[in-house]
Amino acid sequence: MLRITEIFYSLQGETSRVGLPTVFIRLTGCPLRCRYCDTSYAFSGGQTMSIAAILDEVAAFAPRYVTVTGGEPLAQSNCRVMLTSLCDAGYSVSLETSGALDISQVDRRVSRILDIKTPGSGEVDKNRWQNLDDLTAHDEVKFVLCDQADYHWAMQILQDFKLDARCPVLFSPSHHELKPAELANWILQDRLPVRMQLQLHKLLWGECAGK
């Protein structure tokens, strides 16, 4: 059983899968409290569902792509079982995780999107740096940047861990905090080997649940 906040069909708003029609499974609960969090409604509540019921609801959309997100999905131990079940069902599965919890036991067929928390998030001390050693080319690393200090911090992490040699690296401006054009100019100026991304779903529908 898992605690689920919502299951919905939308366009992927982030990562290298941006724009692809995707079913999202948002799990309830998160041990972090990022200052810019846009899904605080998933901290509590939701409904308890069996993995079989979740798979039935996903199948009704007949998707190719499924994203498991939160909250922090790995905070629920049965999330790993569900991820394997989704892969077994033939879906292309991605997991959006904060990077505060161990990702090593996640099914290798899953694309793990690891969100490294910057100082501006208020949760930089929660990063589990051992996760970086487990990354493969099938995974991605994401930084949400609040200001230029965050940008320089992320650039140092990128270089120290040679992240771009491990997997794609994404830099994203915190919504309403960092102007996208500023981030774009910094990336070009420093010739960083990263992909800049905006949150497509917010550009299309604004900040609302189920999108």
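The largest cavity in this predicted model has a volume of about 40 Å³. Here a cavity is a set of points, on a 1 Å grid over the protein atoms alone, where a 1.4 Å probe fits but cannot get out; points are joined across faces, edges and corners, and a volume is the space filled by probe spheres set on them. Because the model is predicted, local features need pLDDT of at least 70 and side-chain atom pairs count only at pLDDT 80 or more, while totals for chains, interfaces and linings use all residues. Residues are numbered from 1 along each chain as its sequence is written, and side-chain values use heavy atoms, with hydrogens and water left out.

With a threshold of 30 Å³ or more, the count comes to one cavity. Its lining, made up of residues with an atom within 4 Å of a point, consists of G99, L114, I116, N127, R128, W129, N131 and L132. By class, four of these residues are nonpolar, three polar and one charged. The classes are simple: Ala, Val, Leu, Ile, Met, Phe, Trp, Tyr, Cys and Pro count as nonpolar, Asp, Glu, Lys and Arg as charged, and the others, Gly among them, as polar.

R128, one of the lining residues, also takes part in a salt bridge with D102, at 3.6 Å from N to O. A salt bridge is a side-chain nitrogen of Lys or Arg within 4 Å of a carboxyl oxygen of Asp or Glu. The pair links distant parts of the chain, 26 residues apart: R128 sits in the loop between strand 6 (111–116) and strand 7 (140–145), and D102 in the loop between strand 5 (92–97) and strand 6. Helices (H or I, at least four residues) and strands (E, at least two) are DSSP runs numbered from the N terminus. R128 is partly exposed at 27% relative accessible area, and D102 is likewise partly exposed at 25%. On this scale buried means under 20% relative accessible area, exposed over 50%, and partly exposed in between (1.4 Å probe, protein chains only).

In total, the count comes to 13 salt bridges. One of them joins the side chains of E6 and R26 at 2.7 Å, N to O. E6 lies in strand 1 (residues 2–11) and R26 in strand 2 (residues 21–27), 20 residues apart. E6 is buried, with 14% relative accessible area, and R26 is buried too, at 7%. Another salt bridge brings together K142 and D115, with an N to O distance of 4.0 Å. K142 belongs to strand 7 and D115 to strand 6, so this contact ties together parts that are 27 residues apart in sequence. Both K142 and D115 are buried. The two also belong to a network of salt bridges that links E14, D115, K117 and K142.

Nine of them form an open sheet with mixed pairing, in the order 3-1-2-4-5-6-7-8-9. Two strands pair if DSSP finds at least two bridges between them. At the edges are strand 3 (47–49) and strand 9 (195–196), each of which pairs on one side only. Strand 8 (residues 169–173) runs parallel to strand 9 and is joined to it by two bridges; F171 stands opposite M196 in strand 9. Strand 4 (residues 65–69) and strand 5 are also parallel, paired over four bridges, and V68 has L95 in strand 5 as its bridge partner. Strand 5 is mostly covered, with five of its six residues buried.

Strand 8 leads on to the second largest pocket, to whose lining strand 8 and helix 5 (200–205) each supply at least two residues. A pocket is an open set of points with protein on both sides within 12 Å along at least five of seven lines. This one holds about 160 Å³ of space. Its lining has 14 residues, and those closest to its centre are P173, H175, H176, P180 and L198. By class, the lining has five nonpolar, six polar and three charged residues.

Finally, what of the cysteines? With a disulfide taken as a pair of cysteine sulfur atoms within 2.5 Å, the count comes to zero. C79 is in no disulfide, and the nearest cysteine sulfur, that of C87, is 11 Å away. C79 is buried, with a relative accessible area of 0%, and C87 also counts as buried, at 8%.
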